[in-house]
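Here's a quick tour of some helix packing and a few side chains. Have a look at the model, then read on.

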Amino acid sequence: MKGCAKFLNFIAFLVFLFVLIAFVGVCAAVGVIGLKPDLIPQDLNEALTAITINGEPVTMEILTGFRIPILIMLGAFVLILLLALLIIANIRTALSEVGLGDPFSFRCSKALHTAATLEVVNGLVGIGLSLYAAVIFGGLSINGGTAISFTTNLSFILVAIFLKMLAGVSEFGRR
C-alpha cells in the first residue's frame, strides 16, 4: 500500500505541475487581454479576419466589445484552475500520509474532506461558467455555426462522494 501511495503521489505531483503551468498561462492571458491588449501581435489580428461572427469578419472593434465577458470567463477559469490546484494538493497530502503508513491519521481525513468540498465548489463554478457563456454568447454564430452551447458535466458529484467516502474510512480507522 505504501509503494502504491508513493507512486500515485508522484503522478499527482506531475498533474499538479501541468495544472500549475496552465494556471500561469491563463493568468498571463488575462493580464495581456485586461491590461495590455496592444501586446497582441498584428499577425493574429490579420488571421482573425478569416473568421466571421454573425456573418461579419472579425475586427479588433468586435473583439473589444467582448473584452469584459471574455475577462470574466477567463477569471472564472483561473478560479477553476486554482481550485484544481488546491484539490490536488489536498489529495497529495492524503497520499503522503498513506505513504508514511498512517492512512487513518486526522491529517489524512481532513485533507480528503477538504478535497471533497473543493470538488463540489469547483463543479458549481464550472456550471456557472458554462451558464454565463451560454447566456452571453448564445446568440452568436461563428463561421455560420453555433458559437456556444450549454453542456454540464456532473461527474464532480461522484468524485466528491468518493472523496467523502475515503475520508469516512480514514476516520473510521481511528476509532
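## Helices and a buried glutamate

H4 is among the elements that cover the buried residues of H1. Keep in mind that this is a predicted model. The buried residues of H1 are Ala5, Asn9, Ala12, Val19, Phe23 and Val26. H1 itself runs over residues 2-35, 34 residues in total, and spans 48 Å from its first C-alpha to its last, close to the 50 Å expected at 1.5 Å a residue.

Now for H4 and its partner H5 (residues 106-137). Their axes come within 9 Å and cross at roughly 165°, so H4 is roughly antiparallel to H5. As for handedness, the H4 and H5 crossing is left-handed.

Staying with H4 (residues 67-99), Glutamate 97 lies in this helix. Which residues does glutamate 97 touch, not counting residues up to four places away in sequence? They are Asp102, Pro103, Ser105, Arg107 and Cys108.

Is glutamate 97 buried or exposed? Its relative accessibility is 9%, under the 20% cut-off, so glutamate 97 counts as buried.

| Residue | Relative accessibility | Class |
|---|---|---|
| Cysteine 4 | 47% | partly exposed |
| Glutamate 97 | 9% | buried |
| Cysteine 108 | 3% | buried |

Cysteine 108, one of the contacts of glutamate 97, is buried at 3%, whereas cysteine 4 is partly exposed at 47%.

Notes: Residues are numbered from 1 along each chain as its sequence is written. This is a predicted model: local features need pLDDT of at least 70, side-chain atom pairs count only at pLDDT 80 or more; totals for chains, interfaces and linings use all residues. Side-chain values use heavy atoms; hydrogens and water are left out. Buried means under 20% relative accessible area, exposed over 50%, partly exposed in between (1.4 Å probe, protein chains only). Helices (H or I, at least four residues) and strands (E, at least two) are DSSP runs, numbered from the N terminus. Contact means heavy atoms within 4.5 Å. The expected span of a helix is 1.5 Å times one less than its number of residues. Axes are lines fitted to C-alpha atoms, for helices over the stretch in contact, and angles run from 0 to 180 degrees between N-to-C directions. Angles under 35 degrees count as roughly parallel, over 145 as roughly antiparallel, 65 to 115 as roughly perpendicular and the rest as oblique. A crossing is left-handed if the near helix is turned anticlockwise from the far one by less than a right angle, and right-handed if clockwise.
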